[in-house]
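The sequence and the coordinates are shown below.

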Amino acid sequence: MRLDGKEIVITGGTDGIGKVTARELAKMGASVTIVARNATKAQQVVKELRTAAGHDRVGFVRADLSSQKGVRGAAETIRGRLKRLDVLINNAGAMFGRRELTEDGIERTFALNHLAYFLMTNLLLDMLKASAPSRIVNVSSAAHTGAKLNIDDLQGAKSYSGWRAYQRSKLANVYFTYELARRLSGSNVTVNCLHPGFVASRFGSNNGAVSRALFGVAKSIFATSEGNGARTSVYLASSPDVDGVTGKYFDSRRAVKSSAASHDEQKWRELWRASEKLTGIS
Ligand SMILES: NC(=O)c1ccc[n+]([C@@H]2O[C@H](COP(=O)([O-])OP(=O)(O)OC[C@H]3O[C@@H](n4cnc5c(N)ncnc54)[C@H](OP(=O)(O)O)[C@@H]3O)[C@@H](O)[C@H]2O)c1
């Protein structure tokens, strides 16, 4: 399959699942823009990806996505640099063992894993609409299963566990996808989310030696490769099989049922309103 002429933006394309996704899409001929926080690492990755793709239509925009100023700056640069936008892949995410606040005063997991998806998408939505048919792909996780979202305590202020906060943020990805699909009905912009599998990436390595060791053991036994982890993202970004398919949760390139809690439509709307308030978007 060829994607020549397509403009794709992916967050977190400097490592793990995002890097392989960016590489595979560039190899199909797409122009790929990575949103990355570390300019030195991004320059190296861009070089690698250009070599792998055999063309130079791979670039990066620098932004720390846990900062709303960072997301806004990246969106502005993308709007200035690209003439169209065919696919936006919200992929950058992490888990934080300790509760920390961002420069905006927001709990870091919620800020990076949900609010950055919400804000980046909304800031680029008119470009996606103008380029339709176009696609939004949100990397969620099967970790959303078992999570519940308390709209009055989205940031774990009352009690915090890194894993619970991560689970809630991944449920927020599913809520966001379903509500956005409802809002985009008839626009020819599709939005889907996915579970990439348990992937042997650097995920979980930012929380100290014990956590790193535990993740390391679990990954060596159970995890799949980053290449396998990228397959559903690549599929949703590129395959004609999913032309017009929207508002679904995918695993292993198949639409599957997300958790029972994720189908609470009132919660979709409540999260949307809370996210508007926290980002100042309407
Ligand atoms: N690995 C799994 O088993 C698994 C399972 C289910 C879902 N997921 C989801 O898959 C997505 C990708 O995870 P991964 O496994 O590929 O993780 P990873 O290897 O740790 O890569 C994460 C990517 O996000 C970037 N990133 C992190 N914080 C950022 C920030 N503040 N601003 C900008 N970029 C930032 C990283 O940049 P740097 O290169 O600068 O660190 C890196 O490019 C996440 O949304 C995660 O929740 C992963």
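Arg168 counts as buried, because 24 C-beta neighbours lie inside 10 Å and the threshold for that class is 20 or more. The model in which this is seen is a predicted one.

**Helices**

In H5, 17 of the 22 residues are buried, so the helix is largely enclosed by the rest of the structure. From its first C-alpha to its last, H5 reaches 31 Å, which is close to the 32 Å expected at 1.5 Å a residue.

Helix H4 (residues 108-130) and helix H5 (residues 162-183) have axes that come within 8 Å and cross at roughly 15°. H4 is therefore roughly parallel to H5, given that angles under 35 degrees fall in that class. The crossing of these two helices, H4 and H5, is right-handed.

How many of the 15 residues of H6 are buried? The number is zero, so H6 lies largely in the open.

**Loops and backbone geometry**

As background, most residues other than glycine have a negative phi, and most peptide bonds are trans. Against that background, the peptide bond from Ala132 to Pro133 is cis, with omega near 5°, and Pro133 is placed in the loop between H4 and E5.

Asn188, in the loop between H5 and strand E6 (189-195), has a phi near 70°, a positive value in a residue other than glycine. Asn188 counts as partly exposed because 15 C-beta neighbours lie inside 10 Å. Arg253, which is not a glycine either, has a positive phi of about 65°, and it sits in the loop between strand E7 (249-251) and strand E8 (254-256). Arg253 is likewise partly exposed, with 15 other C-beta atoms within 10 Å.

Ser252 also lies in the loop between E7 and E8, and with 13 C-beta neighbours inside 10 Å it counts as partly exposed. Ser159 occupies the loop between strand E5 (134-139) and H5; 8 other C-beta atoms lie within 10 Å of its own, so Ser159 is exposed, the limit for that class being 12 or fewer.

**Separations along the chain and in space**

| Pair | Separation along the chain | C-alpha distance |
|---|---|---|
| Ser159 and Arg99 | 60 residues | 9.4 Å |
| Arg253 and Cys193 | 60 residues | 11 Å |
| Ser252 and Lys6 | 246 residues | 24 Å |

**Surroundings of the ligand**

Which residues are the closest to the ligand? They are Gly12, Gly16, Gly93, Ser201 and Phe203, within a shell of 27 residues that surround the ligand. By kind, the residues of this shell divide into eleven nonpolar, eleven polar and five charged. Helix H1 (residues 16-27) gives the most to the shell around the ligand, with three residues.

**Summary**

Taken together, the predicted model has in H5 a helix that is largely enclosed, with 17 of its 22 residues buried, and in H6 a helix that lies largely in the open, with zero buried residues. The loops hold Pro133, to which the peptide bond from Ala132 is cis, as well as Asn188, with its positive phi near 70°.

Methods: Residues are numbered from 1 along each chain as its sequence is written. This is a predicted model: local features need pLDDT of at least 70, side-chain atom pairs count only at pLDDT 80 or more; totals for chains, interfaces and linings use all residues. Helices (H or I, at least four residues) and strands (E, at least two) are DSSP runs, numbered from the N terminus. A residue is near a molecule or strand if its C-beta atom, placed from the backbone, lies within 6 Å of it. Ala, Val, Leu, Ile, Met, Phe, Trp, Tyr, Cys and Pro count as nonpolar, Asp, Glu, Lys and Arg as charged, and the others, Gly among them, as polar. Axes are lines fitted to C-alpha atoms, for helices over the stretch in contact, and angles run from 0 to 180 degrees between N-to-C directions. Angles under 35 degrees count as roughly parallel, over 145 as roughly antiparallel, 65 to 115 as roughly perpendicular and the rest as oblique. A crossing is left-handed if the near helix is turned anticlockwise from the far one by less than a right angle, and right-handed if clockwise. The expected span of a helix is 1.5 Å times one less than its number of residues.
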